[in-house]
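Subject: Model handover

Hello,

Here is the structure you were expecting. Please open it first, then read my notes beside it.

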Amino acid sequence: MKKRFWIGVLVTGLLFAFTGTGIAGKSVLEEILGANTIKVSTDANYAPQSFLNDKGELEGFDISVAKEVAKRLGVKVKFITPDWDLITAGKWGKRWDVSIGSMTPTAERKNALLFTLPYYSSPAQFAIHKANTTIKTLADLTGKTIGVATETTNERYLQKNLEIEDVKIVYQDWKPGKIKTYPTDANHIEDLSLGDGARLDAIFTSRQTLAEAIRSGCGKGCPVKMLGDPTYYEPLSFALDKSRPNSQTLVDKLNKILKSMYDDGTLVKLSEKFYHTNLIPKL
Amino acid sequence: MENTTTDQQTPIILSRIPPEAEATLHGIEVKKTRYRRNLIIAFAVLITLMVATLIIIGLDFKFMIKWVPFILTGIGYTLLVSFLAISLACFLSVAGALGRLSLNPVLNSIATSYVSLVRGTPLLVQVYMWYIALPQIGKSLEDLGITGVQALFTLPAIPAGILALGVCYGAYMTETVRAGIQSIKIGQIEAAKALGMTNSQAMRRIIFPQAVRVIIPPVSNEFIAMIKDSSLVSLMGVWELSFRAIKIGRRHFQSLEMLIMVAMIYWVMCFILQLVQEKIETHMARGDRGTS
């Protein structure tokens with residue numbers, strides 16, 4: 001008797017819980033304005049896009065852009081820092097509203113994510129160890145071991161499997177020997193610094209990440225040098241969760257904000273500040 | 001020849017211990033002090049070697065000291081996650097052990113499959129399951145017409161981490177608790193029943209208090225392991241010890257320094273826990289005749 005009573009209580013309780021919370025039809029933009037906070041995900045592994053500064057606070061181009069976007073939305077900003085794979089996987093379940101993390105809108109990611117207009121573009125760049133004298137052109141990388149961050153467009157490019165809308169990708173006509181993937185760019189830069197050919201012969205990442213590593217001396221003197229010209233330029237956008245209903249108004253609003261930030265030169269100013277060059281495309 | 005006077009004053013007491021035995025006792029005492037001295041020397045040499053290695057590999061100590069306060073701030077999350085998870089695990093393990101020993105086929109099968117499934121899958125995979133897969137279950141339930149489940153199933157990083165760790169360690173500890181309960185002789189429960197106790201009374205008053213003593217060392221073991229595995233929640237963006245150390249290490253390309261530092265912090269924490277474990281053990285053993 002007693003048991004049956006408790007099961008009954010449980011069932012009715014669950015029913016109440018389910019029917020009570022069913023409010024539908026609110027758009028993501030309204031939810032953000034209602035909460036007065038936009039939750040932004042960023043991967044704090046990438047200087048100078050997003051990193052921990054000397055005080056241990058988040059800083060970088062993406063962080064500044066996110067703060068500016070929140071300001072123009074009239075809400076507060078809250079940063080969430082999950083692993084990169086978790087961001088690109090989509091299905092965020094309202095844990096964060098938008099990713100402002102230099103993401104390329106590839107055809108594949110569009111299955112899970114919605115993208116805004118690009119807010120800047122990034123050149124992809126090969127680099128080798130300073131001590132190396134035999135590799136002079138990109139074609140010399142044939143058969144060499146190349147380090148790259150996992151789940152990035154750069155990895156896709158090396159696998160000749162990269163699709164970005166409105167961007168023409170020209171693949172290299174040589175084949176790398178082995179592609180070694182790392183959790184994040186900082187790892188393969190460190191591994192290349194161990195010595196020429198110690199673990200890697202070359203690395204492939206964004207030019208600004210390399211420039212920042214060389215500038216900051218990546219440990220002791222950063223024995224890394226760039227090789228050849230950038231192989232392609234990728235547009236980078238904010239991303240939203242496609243599985244979350246009623247997201248389109250937020251995409252439109254973010255696009256409007258991006259346009260205003262482009263028009264009044266805010267984006268260019270931030271690019272000059274963090275990248276020491278203008279990476280902002282014409283919208 | 002000073003001894004002769006004392007010998008003459010207390011000849012009766014001394015004569016109770018034969019001189020041969022006294023010599024042996026003295027020999028044992030000397031061996032003990034020598035052993036203790038050698039142990040201290042061995043530890044000192046080990047520590048010197050460790051410090052020497054750290055200096056030889058050229059660590060940037062200034063950099064390490066500069067970031068100590070920032071990384072230590074993460075200790076709160078590490079402890080919060082570990083303590084809540086171990087509490088959950090303790091609860092689950094007792095329930096699981098009772099289930100494993102239960103004669104009820106439903107309870108028994110639930111407990112057995114829980115242990116088998118959770119113990120047989122990697123913790124890393126489970127952490128991802130709680131964090132990524134659970135909201136998807138919520139969504140499909142929502143699509144079936146049960147509203148409001150998705151928000152319920154979309155756990156923030158810290159609760160997801162606590163659940164993942166707690167459920168996983170609960171499965172391991174289920175077996176520990178079961179072994180503890182089974183280590184108590186059958187005579188104990190028979191005696192309890194002879195006194196008119198019900199099954200649950202016997203379990204609560206007789207078996208459990210004795211079993212707890214047995215399982216303290218392995219449970220402390222699990223807790224120490226948990227402190228370290230709590231670093232897995234850094235994947236989901238919780239700013240605990242290892243998250244902070246890894247991010248700073250990558251930012252400045254000095255991962256070695258940061259990793260060594262965070263390893264030291266974990267070590268100190270676990271060392272303290274080890275001392276606590278010893279205290280609890282002596283406390284629990286206070287009713288015993290001394291064996292050491």
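Predicted model: local features only at pLDDT ≥ 70, side-chain atom pairs only at ≥ 80, totals over all residues.

**Chain A overall**

Chain A carries nine helices and eleven strands. Its C-alpha atoms fill a box of roughly 80 × 55 × 40 Å along the principal axes. Of its 283 residues, 42% are buried. Take the contacts in chain A with a separation of 6 or more: 76% of them join residues 24 or more positions apart.

**Domains of chain A**

Domain 1 covers 26-121 + 235-275, and domain 2 covers 123-233. Their C-alpha centres lie 26 Å apart. Across the boundary, 14 residues of domain 1 of chain A are in contact with 14 residues of domain 2 of chain A. On the domain 1 side, helix 4 (residues 84-88) of chain A gives the largest share, three residues. By class, that side of domain 1 has eight nonpolar residues, five polar and one charged.

**Strand 5 of chain A**

How many of the residues of strand 5 (residues 98-103) of chain A are buried? Six of its six are, and the strand is mostly covered. Strand 5 of chain A has these pairings:

- With strand 1 (residues 37-41) of chain A, the sense is parallel, over two bridges.
- With strand 11 (residues 233-241) of chain A, the sense is antiparallel, over three bridges.

A:Val98 takes part on both sides. It stands opposite A:Val40, and its bridge partner in strand 11 of chain A is A:Leu240.

**Helix 7 of chain A**

Helix 7 of chain A runs over residues 207-216. Its buried residues are A:Arg207, A:Gln208, A:Thr209, A:Leu210, A:Glu212 and A:Ala213. What do they pack against? The strands are strand 6 (113-129), strand 9 (202-206) and strand 10 (224-227) of chain A. The helices are helix 6 (185-193) and helix 9 (266-275) of chain A. Just after helix 7 of chain A comes A:Gly217, with a positive phi of about 80 degrees.

**Where the chains meet**

The contact takes 28 residues from chain A and 23 residues from chain B. On the side of chain B, the elements that give two or more residues are helix 7 (123-143), helix 8 (149-153) and helix 12 (241-251) of chain B. By class, that side of chain B has eleven nonpolar, eight polar and four charged residues.

**Domains of chain B**

Chain B is also assigned two domains: domain 1 (18-58) and domain 2 (75-238). The C-alpha centres of these domains of chain B lie 42 Å apart.

**Nonpolar cores**

Which residues have the most contacts inside the largest nonpolar core? They are B:Ala85, B:Tyr131, B:Ala160, B:Leu165, B:Tyr169 and B:Ala245, in a core of 59 residues. Helix 9 (residues 157-182) of chain B supplies the largest share of this core, 13 residues. Look at B:Tyr169 in particular. Leaving aside neighbours within four places in sequence, B:Tyr169 is in contact with B:Ala85, B:Ile86, B:Ala89, B:Glu222 and B:Met226.

Another core, of 36 residues, lies apart from the largest one. Among its residues are A:Val40, A:Val69, A:Tyr120 and A:Leu250.

Best regards

Conventions. Residues numbered from 1 in each chain as written. Chains lettered and ligands numbered in written order. Buried ≥ 20, exposed ≤ 12 C-beta atoms within 10 Å, placed from the backbone. Helix = DSSP H or I, 4+ residues; strand = E, 2+ residues; numbered from the N terminus. Contact = placed C-beta atoms within 7 Å. Nonpolar A, V, L, I, M, F, W, Y, C, P; charged D, E, K, R; others polar. Domains from an automatic or database assignment. Pairing = 2+ DSSP bridges. Core = buried A, V, L, I, M, F, W, Y, C linked by C-beta atoms within 7 Å.
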